[in-house]
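The sequence and the model are shown first.

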Amino acid sequence: MTDSLPRWDMSRLFPSIESDQFGAAFGSATDAIAALKALYDRHDVRKREGGAADAKTVAAVEEVTRHTNEVSEQLRTIYAYLNSFVSTNSRDDGAQNKLSELQGHAIELRKLGTRYDAWIGSLDVERLIEQSQVAKDHAFALRKAARSARHLMSEPEEDLAASLNLSSGTQWGKLHGNVSSQLTVAVTFPESAGGERAGKTVELPMSAVRGLAHEPDRATRKAAYEAELKGWERVGVPLAAAMNGIKGEVHTLNGRRGWSDDLEPMLFVNNIDRATLDAMHEACRESFADWRRYLQAKATLLGIGQKSLPWYDMFAPVGGDGARHWSFKEAAEFVVDQFGTYSGKMADLARRALREKWIDAEPRDGKRDGAFCMGVRKDESGVFLNFESSFYSVNTLAHELGHAYHNTCLAQRTPMQRQTPMALSETASIFCQAIITNAALARATGAEKLAILENTLQDGCQVVVDIHSRFLFESRVFERRARRELTVNELNELMLEAQRETYGDGLDSGALHQYMWAMKPHYYSTGLSFYNFPYTFGQLFGQGLYARYREDPEGFRTGYDDLLSSTGLHSAQELGERFGIDFSSVDFWRGSLDVNREQIHEFEALAGQGAAAGAAR
């Protein structure tokens with residue numbers, strides 16, 4: 001642990017992309033895909049009429065399932081290795097080219113996956129599970145494959161759709177990633193910024209400009225916000241084309257596959273039903289008034305002279321000089337220590353991630369914005385951050401290491417068994433965030449406590465309110481895209497409409513962020529439609545689990561790791577029942593949001609005290 005921001009070291013996998021070792025592994029993986037296709041052809045893996053689960057078929061299912069898992073495992077490591085370069089330096093043409101080549105081979109695996117689902121869907125799945133241990137071990141995946149088969153086009157159509165995706169959806173997503181990561185913006189810093197930048201115009205990468213939203217100087221935040229909007233405006237046309245291309249492709253294929261609407265397939269993928277989503281959204285809408293009070297209290301605390309908060313003040317730090325600035329070393333040590341209060345296993349995972357250089361935390365030109373964790377091989381992960389010195393980044397570190405902890409719990413599962421939907425993939429990360437936040441709040445006082453509490457609410461507001469605005473936005477984009485493409489101005493208006501509907505008078509309606517659709521990479525993937533609601537699900541589920549943990553720590557520990565290892569083996573409802581949770585009940589979601597309501601009440605009290613103290617000075 002050092003004061004410098006770490007970069008991950010992927011030489012633990014291969015010396016370099018140009019190395020013989022990587023070349024051999026890449027060649028082995030692509031050869032394995034070809035061999036798997038030959039195996040599928042030999043067993044005629046595709047939709048059949050009246051398929052029976054006889055001994056020959058059982059043996060074929062076992063062999064095909066084992067080999068499919070093996071090839072998926074190989075590709076996981078190759079993809080993670082290449083992504084580690086592309087995500088941190090989008091100008092790395094060698095990595096970009098190799099990743100593109102890999103995607104070309106991997107599309108064949110996607111085609112085989114469609115054939116596998118169609119095959120399983122034409123068999124007697126329950127009989128198959130009775131007769132085969134391999135099938136029994138993969139029972140959830142097989143049953144899901146059988147349901148998926150009901151929404152498949154013909155094999156030639158699915159084959160064509162997969163092939164064309166390389167030149168359509170995949171390319172649109174790549175365009176967004178490259179444009180957004182290479183976009184630089186000129187920011188004119190006010191004199192109040194202080195330091196060498198005061199009064200100067202500086203060209204900065206977009207990720208750094210967005211980071212200025214956390215600056216203590218209000219004039220700097222406003223300058224960065226205005227520069228950011230101008231930057232997105234410059235690239236609005238190509239990004240609108242990408243949005244239209246992806247949403248149009250997804251809508252067309254959803255219709256051809258017989259889904260009732262564009263939301264239904266994502267509910268299926270996330271292993272939840274519409275009643276669960278409706279219950280969660282009802283509770284969220286009920287909470288909007290509470291979140292607006294939080295935003296208004298922050299406006300009062302900042303002393304900005306208006307009731308509603310402008311967008312550029314939403315991430316403003318509070319607490320003044322009393323708010324702690326965290327070095328990466330301090331953040332890492334705090335996370336390790338607090339993970340240790342839960343279990344030695346969790347703390348050891350964090351120490352290992354630091355020791356083995358799993359983490360890339362340094363913001364830099366060409367590096368994409370945001371944070372994520374990716375599985376690399378077995379129980380190893382890669383953690384991607386853009387660290388800055390606020391408690392927000394401490395929380396983000398804990399969040400992404402929570403994903404890494406989840407990966408360790410899934411390590412002994414096969415790729416088919418660990419296919420965790422987004423709604424459940426946030427479980428461990430939110431739980432780990434709760435550990436860190438509650439520990440920080442318990443030891444903090446005065447301005448530091450106010451800053452930590454505000455950071456917690458800031459994050460919660462994003463997950464509950466902002467993400468709901470994105471859900472509304474995407475729903476309306478799909479509705480309109482079914483008729484025609486949308487212009488930049490129309491996308492902007494839909495974004496503003498959704499923000500006004502959710503934030504209400506908590507934010508200044510004249511200072512919102514119409515280009516949030518351009519900034520969020522999740523919109524630009526054919527496989528991540530309606531990516532937004534799973535984050536809310538994960539946040540509130542994680543909060544609910546943390547409440548169960550505090551009620552009965554020892555009892556909770558006995559079942560938690562097993563729950564994490566089973567997120568690809570059961571529906572969300574089945575997993576929730578292990579801890580007495582009914583996801584279709586609005587009361588569960590209300591109960592999780594009560595945690596935030598209590599925090600909002602405390603924040604209002606502290607903010608009032610802080611505003612009064614500021615007025616007295």
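The points below are grouped by topic.

The structure is a predicted model. Two packed helices are described by the angle between their axes and the distance between the axes.

**Helix 14 and helix 16**

- Helix 14 (residues 328–342) packs on helix 16 (residues 391–410) at an angle of about 50 degrees, and their axes are 10 Å apart.
- This angle makes helix 14 oblique to helix 16, and the crossing of the two helices is right-handed.
- On the side of helix 14, the contact involves Phe328, Ala331, Ala332, Phe334, Val335, Phe339 and Tyr342.
- These residues meet Phe391, Val394, Leu397, Ala398, Leu401 and Tyr405 of helix 16.
- By class, the contact of helix 14 with helix 16 holds 13 nonpolar residues, with no polar and no charged residues.

**Helix 1 and helix 3**

- Helix 1 (residues 20–42) and helix 3 (residues 93–121) pack with their axes 10 Å apart and at an angle of about 25 degrees.
- Helix 1 is therefore roughly parallel to helix 3, since angles under 35 degrees count as roughly parallel.
- The crossing of helix 1 and helix 3 is left-handed.
- Helix 1 contributes Phe22, Phe26, Thr30, Ile33, Leu36, Lys37, Tyr40 and Asp41 to the contact.
- Helix 3 contributes Lys98, Glu101, Leu102, His105, Ala106, Glu108, Leu109, Leu112, Arg115 and Tyr116.
- The residues of the contact between helix 1 and helix 3 comprise ten nonpolar, two polar and six charged.

**Helix 18 and helix 19**

- Helix 18 (residues 427–443) and helix 19 (residues 446–481) pack at an angle of about 155 degrees, and their axes lie 9 Å apart.
- The two helices, helix 18 and helix 19, are therefore roughly antiparallel to each other, and their crossing is left-handed.
- Gln433, Thr437, Ala440 and Leu441 of helix 18 meet Lys449, Ile452, Leu453, Thr456 and Asp459 of helix 19.
- This contact of helix 18 with helix 19 divides into four nonpolar, three polar and two charged residues.

**Lysine 367, a buried residue in a loop**

- Lysine 367 is located in the loop between strand 3 (359–360) and strand 4 (372–377).
- With a relative accessible area of 1%, lysine 367 is buried, because buried means under 20% relative accessible area.
- A polar atom of the lysine 367 side chain lies 2.6 Å from the backbone oxygen of leucine 385.
- Neighbours within four places in sequence left aside, lysine 367 is in contact with Ser87, Thr88, Ser181, Ser207, Asp360, Ala361, Glu362, Phe384, Leu385 and Asn386.

**Buried residues in helices**

- Histidine 406 lies in helix 16, and at 3% relative accessibility histidine 406 counts as buried.
- Residues up to four places away in sequence not being counted, histidine 406 touches Thr420, Leu424, Ser425, Ala428, Leu564 and Thr567.
- Glutamine 539 is placed in helix 22 (residues 532–551), and its relative accessibility of 7% counts as buried.
- The contacts of glutamine 539, again not counting residues up to four places away in sequence, are with Ile430, Asp459, Gly460 and Val463.
- Although glutamine 539 and leucine 424 are 115 residues apart along the chain, their C-alpha atoms are separated by 9.7 Å.
- Leucine 424 is also one of the residues that histidine 406 touches.

- Most residues other than glycine have a negative phi, and most peptide bonds are trans.
- Aspartate 44 has a phi near 50 degrees, a positive value in a residue other than glycine.
- The loop between helix 1 and helix 2 (55–86) holds aspartate 44, which is partly exposed with a relative accessible area of 34%.
- Lysine 357 has a phi near 60 degrees, also a positive value in a residue other than glycine.
- Lysine 357 is found in the loop between helix 15 (344–355) and strand 3, and at 46% relative accessibility lysine 357 counts as partly exposed.

Definitions and conventions
Residues are numbered from 1 along each chain as its sequence is written. This is a predicted model: local features need pLDDT of at least 70, side-chain atom pairs count only at pLDDT 80 or more; totals for chains, interfaces and linings use all residues. Side-chain values use heavy atoms; hydrogens and water are left out. Helices (H or I, at least four residues) and strands (E, at least two) are DSSP runs, numbered from the N terminus. Buried means under 20% relative accessible area, exposed over 50%, partly exposed in between (1.4 Å probe, protein chains only). A polar contact is a pair of N or O atoms within 3.5 Å; within protein, one must be able to donate a hydrogen and the other to accept it, and residues adjacent in sequence count only if both atoms are side-chain atoms. Contact means heavy atoms within 4.5 Å. Axes are lines fitted to C-alpha atoms, for helices over the stretch in contact, and angles run from 0 to 180 degrees between N-to-C directions. Angles under 35 degrees count as roughly parallel, over 145 as roughly antiparallel, 65 to 115 as roughly perpendicular and the rest as oblique. A crossing is left-handed if the near helix is turned anticlockwise from the far one by less than a right angle, and right-handed if clockwise. Ala, Val, Leu, Ile, Met, Phe, Trp, Tyr, Cys and Pro count as nonpolar, Asp, Glu, Lys and Arg as charged, and the others, Gly among them, as polar.
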